[in-house]
Amino acid sequence: MKGLLQNRVFLLVMASDVLQQVGIWVRNMALLYYVVQQTQGDPVAVSLLTVAEYAPIFLFSLVGGVLADRWRPKRTMIWGDILSFLSIVPILFVVAWGYWQAVFIVTMISAIVSQFSQPSSSKLLKTHVPEKELTAAIAMIQMVSSLFIILGPILGTFVYYTFGVMVSLGSLLVIFALSACLLLFLPDSPRTMERLSVQALIRDFGDGLGYMRKQANLKVLLVMFGVLALGAGLTAPLDIFLVTQRLGLAEADLQWFTALSGLGLLIGAIIAAGLSGRLKGRGVVFAGLLLLGAGTMIEVWSVWPVLTGGMRLVTGLFLALTQTVIGTYMLTLVQAEYIGRINGLITPVFTGCTLIGTALSGMLVAQSSLIFVYMLSGLILMLAALVALRLRFSS
């Protein structure tokens, strides 16, 4: 851990990630409240924010992964921040003129840029962080993400209701500029691939597919992520009904259960960082997914807020341990030159299965019941745990 805190690349990536998290939550909350205000709560307009966020993943994740493997990670991340900065400027003017629909472009551009910068960040960690410290590195990044699940909505709500949408979007300019400046201090990477062409992109994509076919563990992970995403997607839009129908609480009380999930993730990430190198891979993943499935079932049967909240805390803790183990495992398993392409292959599967589950959830509740859908989700998550048993960890 001490060596990690002295690692310049890790500290710069972490600092940039903190700024990105601030920007994400300020943007998300501001756009949500702004769209609700402009449309008088039109659910279609609100749902389009989700479409604007997830659609680019299908269109750009694979291409982004291939290009992230070709381009130098430092330059890719810096240009991502610069393009994000430049995209905000005209949108500020358009929104000021009253064309509020332009805010959807902000979400889309951010989602597109992330398909290039995220694998580049992983490549930097793979290259510059010793393998024995990767678990602690992933855990600390997970810790930041978990902390913002708790604090992000509060921060975003405060900025929007105190300063309005123009300042909320304008603050993104400062965040992207600071992030780009920090990334300037990253070490340069050598250019290892020839000039970009369509033929080269197709060949690189084929190489990525071939690499995945040869790696049995990657194929297992792909199936596991798909099953996990399908199960999680089924309940993703239904938490509000769990709070109001099963627990008899107000809609606004959902935030406290979300905060408990975030707190569990934070505690789990701290534990993972403390146990760096001592977590038993397959056992942790199996137990974490099994408990997530069981917790989903318990939550829907519970009519006691304390029990439901307790399950959110516990499942969040184990989910953080699981995410840390899987994240570390993927970075150690995949060669640096293939990280972008493997990410580009797995991400659409995970996102697609999540959206399939989300699309089916409302219909299934209408045809059956909330309890049935949560029980089905729990069983699917347990199936993901069984798939995880086919993983082969080196230690």
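Which residues have the most contacts inside the largest nonpolar core? The legends below take up this point and others for a predicted model.

**Figure 1. The largest nonpolar core.** This core holds 57 residues. Those with the most contacts inside it are Phe10, Leu221, Met224, Leu289 and Ile342. Helix H15, residues 370-388, gives the most to this core. Its share is 9 residues.

**Figure 2. Surroundings of Phe10.** Phe10 is among the residues with the most contacts inside the largest nonpolar core.

Figure 3. A separate core has 23 residues. Among them are Leu49, Val95, Tyr160 and Leu169.

**Figure 4. The fold of the protein chain.** The chain has 15 helices and 0 strands. The C-alpha trace spans about 60 × 60 × 45 Å along its principal axes. A compact globule of 395 residues would have a radius of gyration near 21 Å, and the chain agrees, with 21 Å. Take contacts between residues at least 6 apart in sequence: 88% of them join residues at least 24 apart.

Figure 5. Of the 395 residues, 48% count as buried. The chain exposes about 18400 Å². Carbon and sulfur atoms supply 70% of that area. The chain carries 24 positive and 16 negative charges.

How values were computed
Residues numbered from 1 in each chain as written. Predicted model: local features only at pLDDT ≥ 70, side-chain atom pairs only at ≥ 80, totals over all residues. Heavy atoms only, no water. Core = buried A, V, L, I, M, F, W, Y, C linked by side-chain atoms within 4.5 Å. Buried < 20%, exposed > 50% of the residue type's maximum accessible area, 1.4 Å probe, protein only. Helix = DSSP H or I, 4+ residues; strand = E, 2+ residues; numbered from the N terminus. Rg over C-alpha atoms; globule rule 2.2 N^0.38 Å. Contact = heavy atoms within 4.5 Å. Areas by Shrake-Rupley, 256 points an atom, 1.4 Å probe, with all protein chains shown as cover. Lys, Arg positive; Asp, Glu negative; His and termini not counted. Charge placed at Lys NZ, Arg CZ, Asp CG, Glu CD.
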